[in-house]
Amino acid sequence: MIIDVHKLEPISNIKVDLNDTTFIYFLFAIDEHTPRYSRVDGGYVHNPYGSIIMDHGFDVFHRNTRVLLYIGETSTGIRRINDHWISVNHKKGVGPIFTHMRRIRNPRFMYDSVRLHYERVLVRKYLPKINKNANFTEKQLTILRNSKGKIKPQDITRPYLLNYKDIFEAYLAWDKEDESYLTHVLGIQPTYNKLGFLVERRYMEGYYRDNKKMPFGRFVTDVVLHLHKKMKEASADFNKNIRAITKIFNIQAYEDKLEKDKMFNKKRYKNNKKELIAKSNEWRRLRNAEKKKKSNSKGIETQP
């Protein structure tokens, strides 16, 4: 990412407009040690007084210091940036570690669905240092190191195939608490007890958590991104591909997963032994009956 410092706002001199409440923001960490450049003849040359800085993106070997720290969206304006600054130990804060910010404004950003969509797209593209979706586990980092550039970070990041229209559809359903959306789009079938009353869903399968309606952003993150029919199909392909990638570039993690699945299957068999044996016997009975039927029909056809 190539950044013009003149287009950034220093944290010590932010312009506050109480009407400016909906935007996507970028947080940067820039100091006197940050390399600077100037544009000369279509290229970039080192210049300690230049106005251009560069963020070289995610680096598995940590050879370059990241400039881009965080990408987010807000509907509360500058108050959200203030929360980041003062909330060091809170999940909504990153602490006083950024020095500049940039706001991206668009008339469509007044809609939560549009902001949420483009925030996720930008995070997956630039992989900022602090964003949760841009942090990788040690197993994933091992894959990236061993692949020597053959596998990109985006290849081991869960796919995101929704567009802002899908998010807006989710917003309309969330606003009206539409049960048909849960059934037809998310594939959640309603469950009724013996008296005919609807059983309360778990929080990740409905609009509520602990008897309180979830904020729309949390509903998208916890429910829609996991259960939407587009995401389910993409996740199935992703899981298949990630297993193949792990087998090639992180054999130890692959073998550990096989052992874990083996232990889980043993425990599952022990807990459901009678049911599994009954299903197996029923399958054999149907298979033998089908074979016998085919054998009898073949004998009838061969008679003169």
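Student: Let's start with L127. What makes L127 count as buried or exposed?
Tutor: This is a predicted model, and in it L127 has a relative accessibility of 3%. Buried means under 20%, so L127 counts as buried.

Student: Where is L127, and what is its phi?
Tutor: L127 is in the loop between helix 2 (112–126) and helix 3. Its phi is near 50°, a positive value in a residue other than glycine. Most residues other than glycine have a negative phi.

Student: How do you know whether H62 is buried or exposed?
Tutor: H62 has 64% relative accessibility. The cut-off for exposed is over 50%, so H62 counts as exposed. H62 lies in the loop between strand 6 (52–54) and strand 7, and phi of H62 is near 55°, again a positive value in a residue other than glycine.

Student: What is the confidence in the chain?
Tutor: The protein chain averages a pLDDT of 82, and 88% of the residues score at least 70.

Student: Now helix 3. Why do you say that its buried residues line one face?
Tutor: The buried residues of helix 3 (residues 138–147) are L141, I143, L144 and S147. Looking down the axis of helix 3, they fall within an arc of 155°, so they line one face of the helix.

Student: Which helix do those buried residues pack against?
Tutor: They pack against helix 7 (229–249). Just after helix 3, K148 takes a positive phi of about 55°.

Student: What makes you say the buried residues of helix 1 line one face?
Tutor: In helix 1 (residues 78–86) the buried residues are R80, I81 and H84. Seen down the axis of helix 1, they fall within an arc of 100°, so they too line one face. The face turned away from that buried side carries the exposed residues R79 and I86.

Student: Which strands do the buried residues of helix 1 pack against?
Tutor: Strand 3, strand 7 (68–74) and strand 8 (100–104).

Student: Which residues touch the most other members of the largest nonpolar core?
Tutor: That core has 22 residues, and L162, Y181, L186, Y207, F216 and F219 touch the most other members. Helix 4 (164–176), helix 5 (179–184) and helix 6 (216–227) each supply at least two residues of this core. Helix 6 gives the most, with seven residues. There is also a second, separate core of 14 residues, which includes V5, V67, F109 and V114. In soluble globular proteins, nonpolar side chains tend to be buried together.

Student: How do you know whether F216 is buried or exposed?
Tutor: F216 has 5% relative accessibility, and the buried label needs a value under 20%, so F216 counts as buried. Leaving out residues up to four places away in sequence, F216 touches D112, S113, L116, I167, A170, Y171 and W174.

Student: And what makes W174 buried but Y171 partly exposed?
Tutor: W174 has a relative accessible area of 15%, so W174 is buried. Y171, at 26% relative accessibility, counts as partly exposed, since that label covers values between the 20% and 50% cut-offs.

Student: Why is the pair of Y171 and F216 called edge-to-face?
Tutor: The ring centres of Y171 and F216 are 5.2 Å apart and their planes stand at 90°, so the pair is edge-to-face. For that name, the planes must be over 60 degrees apart. Y171 lies in helix 4 and F216 in helix 6, so the pair ties together parts that are 45 residues apart in sequence.

Student: Which residues do ring pairs link into a cluster with Y171 and F216?
Tutor: Y111, F168 and W174 are linked with Y171 and F216 into that cluster.

Student: What makes R103 count as sitting over the ring of F23?
Tutor: The charged end of R103 is 5.5 Å from the centre of that ring. The rule asks for a distance within 6 Å, and also for a position within 35 degrees of the ring normal. The charged end of R108 likewise sits over the ring of Y164, 5.2 Å from its centre.

Notes. Residues numbered from 1 in each chain as written. Predicted model: local features only at pLDDT ≥ 70, side-chain atom pairs only at ≥ 80, totals over all residues. Heavy atoms only, no water. pLDDT = per-residue confidence, 0-100. Core = buried A, V, L, I, M, F, W, Y, C linked by side-chain atoms within 4.5 Å. Buried < 20%, exposed > 50% of the residue type's maximum accessible area, 1.4 Å probe, protein only. Helix = DSSP H or I, 4+ residues; strand = E, 2+ residues; numbered from the N terminus. Contact = heavy atoms within 4.5 Å. Arc of directions from axis to C-beta. Phe/Tyr/Trp six-rings, centres within 6.5 Å; stacked < 30°, edge-to-face > 60°.
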